[in-house]
Amino acid sequence: VKIDKWFPSTKTCSNCGNTQPMPMNIRMYVCLCGLNLDRDYNPALNIKKEGIRLLATA
């Protein structure tokens, strides 16, 4: 499944969906909902969720 290349996977919380800026020098994604994940793991979860969502709508 191919997702949109402009999908904001890095800026979006994989738990609550809140978006926030994510500068390159920040290595941990910390959200107000309490989620603390590695900068690379959070978007991986978002990409997986989006891929599953796209498959379900196909």
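**Exercise 1. Is serine 14 buried or exposed, and at what relative accessibility?**

Before the solution, some ground rules. This is a predicted model, where local features need pLDDT of at least 70, side-chain atom pairs count only at pLDDT 80 or more, and totals for chains, interfaces and linings use all residues. Residues are numbered from 1 along each chain as its sequence is written, and side-chain values use heavy atoms, with hydrogens and water left out.

Step 1: get the cut-offs. Buried means under 20% relative accessible area, exposed over 50%, and partly exposed in between, with a 1.4 Å probe and protein chains only.

Step 2: apply them. Serine 14 has 8% relative accessibility, so it counts as buried.

Step 3: Serine 14 sits in the segment before β1 (28–30). Strands here are DSSP runs of E with at least two residues, helices are runs of H or I with at least four, and both are numbered from the N terminus.

**Exercise 2. Work out what serine 14 and asparagine 46 touch.**

Step 1: list contacts, meaning heavy atoms within 4.5 Å. Skipping residues up to four places away in sequence, serine 14 touches Leu35, Leu37, Asn42, Leu45, Asn46 and Lys49.

Step 2: look for polar contacts, which are pairs of N or O atoms within 3.5 Å; within protein, one must be able to donate a hydrogen and the other to accept it, and residues adjacent in sequence count only if both atoms are side-chain atoms. The side chains of serine 14 and asparagine 42 make one at 2.8 Å.

Step 3: move to asparagine 46, in helix α1 (residues 41–57). Its relative accessible area is 6%, so asparagine 46 is buried too. A polar atom of its side chain lies 2.6 Å from the backbone oxygen of threonine 12. Beyond its neighbours within four places, asparagine 46 is in contact with Phe7, Ser9, Thr12, Cys13 and Ser14.

**Exercise 3. Describe the overall layout.**

Step 1: count the elements. The protein has one helix and two strands, in the order β-β-α.

Step 2: get the extent. The C-alpha atoms fill a box of roughly 35 × 20 × 15 Å along the principal axes, and 26% of the 58 residues are buried.

Step 3: Leucine 55, in helix α1, is exposed at 55% relative accessible area. Leucine 55 and lysine 2 are 53 residues apart in sequence, yet 9.9 Å apart C-alpha to C-alpha.
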